[in-house]
Amino acid sequence: MKNNINIIAKPQNGTTAKWLRRFSIKSAAFAGLLLLASCESDLDKINENPNDQPTADPKVLLTYVSKNTFQVNGDNMYASRMMIGTDGENVYQYMKWNDDTFEPYTKSLLNVGKMMDEAAKINNKNYVAIGKFYRAYHFFNLSLKFGSIPYTEAVKGESGIIQPKYDSQETVMAGILSELKEANDLINTTDKIEGDIIYNGDATKWKKLINSFRLKILITMSKKMTLGSYSVTSEFASIANNQPLMTSISDNGELKFADAADSRYTMFNSSGYGSSLYMANYFINLFKLRQDPRLFTFAAQTTGAKEAGKPVTDFTGYNGGDPNSSYSDNAALITAKNISKVNDRFYKDATNEPSSILSYSELEFILAEAASRGWISGSAKTHYDNAIKASFSFYQTYVKNPGQYFSGFDVNQYLASPLVVYSDSDLLEKRLEKIMTQKYMTMFHQSQWTSYYDYLRTGYPEYPLKDGVSAPFRFRYPQAEYNYNSTNLKAAVTAQYGGNDNIRSKPWWLQ
């Protein structure tokens, strides 16, 4: 898949450009934990003016970090049983992945740290607050992916810490909750936020995102009673009752795409998406059973349906492949003209809908789950209904020519239909299944790996898995860590998993 990760905003001066060049070289050293001093070439040293120390404008760094952070992550679509591949065995589809990288440390966290440092020099608290949000976001996802990770000593290579210790998941989660609390206290409407491609400098919206993300962390830790000094349920209720949260889709934490160089949709012009990606029957059938027109925005009609002249809104014209079957078996459905490709807009349209890491719809599902569990007062049904309405509003707003998909659709009738309607009289497990299934249905190309992690912690929706194959709980640590930080890594693996660094070793947050 094509992944556009270049900087949208151009450096404003030569020193900024020099810093970005030099710092990106240094940041790459962290992945292998190499000596930073070895990264500068002799030519750089000869040409460097000692009176012109490299600096970076925080607004340039904010643009760069935001763009990297908000890109669509398509691998989750396979693991979450939404898509299948037909040109070979995809490790995510068949639940066979192995190790992953620590790339966010070098691509994002180092730059976040530099942004915060530069912001402190000009006494701009908002860049510091947003930096704390990005730190929390990336450490949260790194920990969910691996388990214990470098946190308290991370990204400190320039201070001489090139082999950081690993912190437990509890330490990481408690730490990032504290960082987000600090971010909430720092964010203000006085300090300017330039280079902001997410909220266009609106500090109030950043504050809502920061607090909404605190709730996301806490609900993800639903199996735990405490995180350090935090009570999971009490902290959730305090934030939900006392802090500003998202209130509409205009508050979504999302990246809008533009038909301009380096700003186009993540999958635009992806040859893989255009040639070999099809829909999984599990995902498609959830929509067909509920007569849910969002399906038409995600999937294309089968070739057979197109040739038969069926309307785009005819649910019988859509069919998926089995994510557990061999890719050759699914390829046979192509020959039979009875399988839906991913809607071609995802690779032919330069813009498409924005890519979110946390939306108002997801927040309402989080609040619905919390209310159903008794963490907060109020109506779980109201939050659930709001979440679904927000999802439809999102697609009706951003998908081009929505009338061809949603004409005649009544969301209130949909909410009252038997497979969708939420009832407080149902048993908790039934209510959670409704919430998690609908939440899952909103996450095609959205919110990155959230749907998979929700499945791991709740069991909903119930993914189809091949007999004898369980869903992996995590990724193995990067080989580079074994090469350059083996003592700290091996201690962490032993403490967590008894020395077994494999994908089915269960991390702390799921125990």
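Where is the place of Gly228? Gly228 lies in the loop between β2 (226–227) and β3 (230–231); helices (H or I, at least four residues) and strands (E, at least two) are DSSP runs, numbered from the N terminus. This is a predicted model, in which local features need pLDDT of at least 70 and side-chain atom pairs count only at pLDDT 80 or more, while totals for chains, interfaces and linings use all residues. Residues are numbered from 1 along each chain as its sequence is written, and side-chain values use heavy atoms, with hydrogens and water left out.

- Gly228 is partly exposed, with a relative accessible area of 45%; buried means under 20%, exposed over 50% and partly exposed in between (1.4 Å probe, protein chains only).
- Leaving aside neighbours within four places in sequence, Gly228 is in contact (heavy atoms within 4.5 Å) with Glu170 and Ala174.
- Gly228 and Ala174 are 54 residues apart in sequence, yet their C-alpha atoms are 5.5 Å apart in space.

**The largest nonpolar core**

- A nonpolar core is a set of buried Ala, Val, Leu, Ile, Met, Phe, Trp, Tyr and Cys residues joined through side-chain atoms within 4.5 Å.
- The largest such core has 146 residues, of which Tyr134, Phe139, Trp206, Phe236, Phe444 and Tyr452 touch the most other members.
- Helix α6 (residues 125–146) gives the most to this core, with 13 residues.
- Beyond its neighbours within four places in sequence, Tyr134 has contacts that include Leu62, Phe70, Ile198 and Trp206.

**Aromatic rings**

- Rings of Phe, Tyr and Trp (its six-membered ring) pair if their centres lie within 6.5 Å; planes under 30 degrees apart count as stacked, over 60 as edge-to-face and the rest as tilted.
- By this rule the count comes to 55 aromatic pairs.
- The rings of Tyr282 and Tyr463 have centres 6.3 Å apart and planes at 75 degrees, so this pair is edge-to-face.
- Tyr282 is in helix α11 (residues 281–290), whereas Tyr463 is in the loop between α21 (450–458) and α22 (479–484), 181 residues apart.
- Both Tyr282 and Tyr463 are buried.

**Charges over rings**

- A charge sits over a ring if NZ of Lys or CZ of Arg is within 6 Å of the ring centre and within 35 degrees of the ring normal.
- The charged end of Lys145 sits over the ring of Phe475, 5.2 Å from its centre.
- Arg345 lies over the face of Phe346, at 4.3 Å from the ring centre.
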